[in-house]
Amino acid sequence: MKLIKLLFLFVILFASSTLKAQTNKHNFALGDTTFLLDGKPLQIISGEMHYTRVPREAWRQRMKMAKAMGLNTIGTYVFWNVHEPQKGHYDFAGNHDIAEFVKIAKEEGLWVILRPSPYVCAEWEFGGYPYWLEKEQGLVVRSKEPKYLEAYKKYLTEVGKQLSPLLVNHGGNILMVQIENEYGSYGSDKDYLALNRKMFVDAGFDCQLYTCDPEPAIKDGHLPGLLPAINGVDDVAKVKKLINENYNGKGPYFIAEWYPAWFDWWGTPHHTIPADKYVPKLDSVLAAGISINMYMFHGGTTRGFMNGANYNDQNPYEPQISSYDYDAPLDEAGNATDKFMKFRAVISKHLPAGVTLPEVPAAKPAMNLPAINFTKSTSLFDVLPAAKINSTPLTFEDLNQAYGFVLYRTTIDGGKSGLLKLKDLRDYGMVYVNGKRVGIVDRRKYQDSLMITLPKGKVTLDILVENLGRINFGPYLLKNKKGITEKVLFAGTEVKNWKMYSLPFDDISKVKANSAAKKTANNSPQLKKATFKVDKLADTYLDMSKWGKGIVWINGHNLGRYWYYGPQQTVYVPVEWLKKGDNEITVLELIKPSVNKLNAIDHPILDVLGK
């Protein structure tokens, strides 16, 4: 009898949970002029925010800020190279837990627009592609080439396992899913786009799919049958005209990327655009009932080595900075800006009757800290791993290395002068003769050679090469190998017999810097370590303006790059990655090895160019 009662109770509970799940499902559809959620018009007011650019511990705070500005949706890309860093090895944990990001959005009352295209652009390393695609002989991205489609399908299947249960039609909060990304700026193969759609459906994305393209490319990038969204256009009449022309003469109308600002790259001023320039445009778009996703609502920080780069036949190679502040409504630290408040006022005008916005949370505190003095410093040349040996230089890809640095070393006969040429260098090379730095070559400046004089006898020639970020947009996506990608010539003769030392810096705890700080006459790169105390937790910014070029880690977290060229002169330290008491800081300083003092201040410096 007791068993029967337990079984009956189980059936009741199961039926109740099933009914609840079913009632949580929604019907999201495309009307003639607007989106429909359960048959009622829904105007999507969305802001782009990338989970990879915000500490996981801060996702919820940023989403509360989104609600306070009046957003009802968050847009995000999904980044292939963080989820499959090596072929067949998947990572959806920690800051890469995209499913948790979506679930937190739901808890905060936000819908999600998901953009898991294999290519994302996004000022992100290789446009989101994993580096190992470059190793696959004959593979062609964004094409019907079989190796590419096979790798793409396997990855998308794993993404589907994580996210398809969270679609709105399955009881979740993902409204729509984008296939490909501005494909019309790259190609026009409708068969390829159709394969994209099929792979998305096969991966479990049985929902509303759409494409997005800028104005000139929407015809080439649109797949018939899917909603075409427009990027970079906010003139109401033009938005409607472009979408009508490509979608059966009707809507709904969606601006998938609306740019209220722009990103930065090294050596150019910080981009800022006054809010007042965009307030009337936002007002007119919302008044017309058009849905919108602002890129970016909150940029955050491109930490580690994940920044991308621009390059084409007219402009030099332009690697992007680590700060992704973007002059967005929410600044790099997650605080409301003037743009936030003015956009909030516009959105408030267009809310449904009786709906009010939550109060804007107070700005997060930021702090100054006493100067940090580095008492431990080790030459990078003293902590080298085992070498790989080859007659000619091997690329990063040959070494199965995604990011960071490679030291190339050989021994040559000295006693002469000549031109040292690195063909084809990608991207930044520091040249040492017998451990002493004799010059720097920089791809940004079209530099690949320098005159050097070798002392008599056998000479050790070192070339430390940094990957400054793979190209993320344009026709050169498949010319992204890193390191010395061809050969080295000295005085017209090819230099051979190289040792290669991989320095990916993917786990700074493995690298020891224990010797006392000392004079560095040879100007070798230095790994510096220190501890500093924090009594009260708050955000802070490391002032690197007296330093040269390098990377900073706090408590094991790679905060990104700094470079005296600017515009970025500080490195943002999120409060979530600090702890009360002792904190450990590590700096890899490449060109000013004698600097041993660092200040932490309470504000960013993003608008200063070095010399």
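A search of the whole structure finds 33 salt bridges, each defined as a side-chain nitrogen of Lys or Arg within 4 Å of a carboxyl oxygen of Asp or Glu. The structure is a predicted model, in which local features need pLDDT of at least 70, side-chain atom pairs count only at pLDDT 80 or more, and totals for chains, interfaces and linings use all residues. Residues are numbered from 1 along each chain as its sequence is written, and side-chain values use heavy atoms, with hydrogens and water left out.

One of these salt bridges joins K64 to E108, with the closest N and O atoms 3.1 Å apart. K64 lies in helix α2 (residues 59-69) and E108 in the loop between α4 and β6 (111-115), so the pair ties together parts that are 44 residues apart in sequence. Helices (H or I, at least four residues) and strands (E, at least two) are DSSP runs, numbered from the N terminus. K64 is partly exposed, with a relative accessible area of 40%. E108 is buried, at 14%. Buried means under 20% relative accessible area, exposed over 50%, and partly exposed in between, with a 1.4 Å probe and protein chains only. K64 and E108 also belong to a network of salt bridges that links them with R60 and E107.

Helix α4 spans residues 98-107, and its buried residues are I98, A99, F101, V102, I104 and A105. An α-helix has 3.6 residues a turn, so residues three or four places apart point the same way. Just after α4, G109 takes a positive phi of about 80 degrees.

A second pair sits within one helix. D202 forms a salt bridge with K198, the closest N and O atoms being 2.8 Å apart. The two residues are four apart in helix α6 (residues 190-202), so about one helical turn separates D202 and K198. D202 is partly exposed, with a relative accessible area of 45%. K198 is partly exposed as well, at 49%.

K364 is buried, with a relative accessible area of 15%. D539 is buried at 2%.

Strand β28 (residues 540-543) contains D543. D543 is buried yet has no salt bridge. The nearest side chain of opposite charge is K546, 5.7 Å away; Lys and Arg count as positive and Asp and Glu as negative, while His and the chain ends are not counted. Leaving aside neighbours within four places in sequence, D543 is in contact (heavy atoms within 4.5 Å) with Q569, T570, L598, N599, I601 and I605.

The largest cavity has a volume of about 30 Å³. Its lining consists of W262, F263, D264, S323, Y324, D325 and Y326. A cavity is a set of points on a 1 Å grid over the protein atoms alone where a 1.4 Å probe fits but cannot get out, and lining residues have an atom within 4 Å of a point. Grid points are joined across faces, edges and corners, and a volume is the space filled by probe spheres set on the points.

Methods:
1 Å grid on protein atoms, 1.4 Å probe; cavity = no way out; pocket = protein on both sides within 12 Å on 5 of 7 lines; lining within 4 Å.
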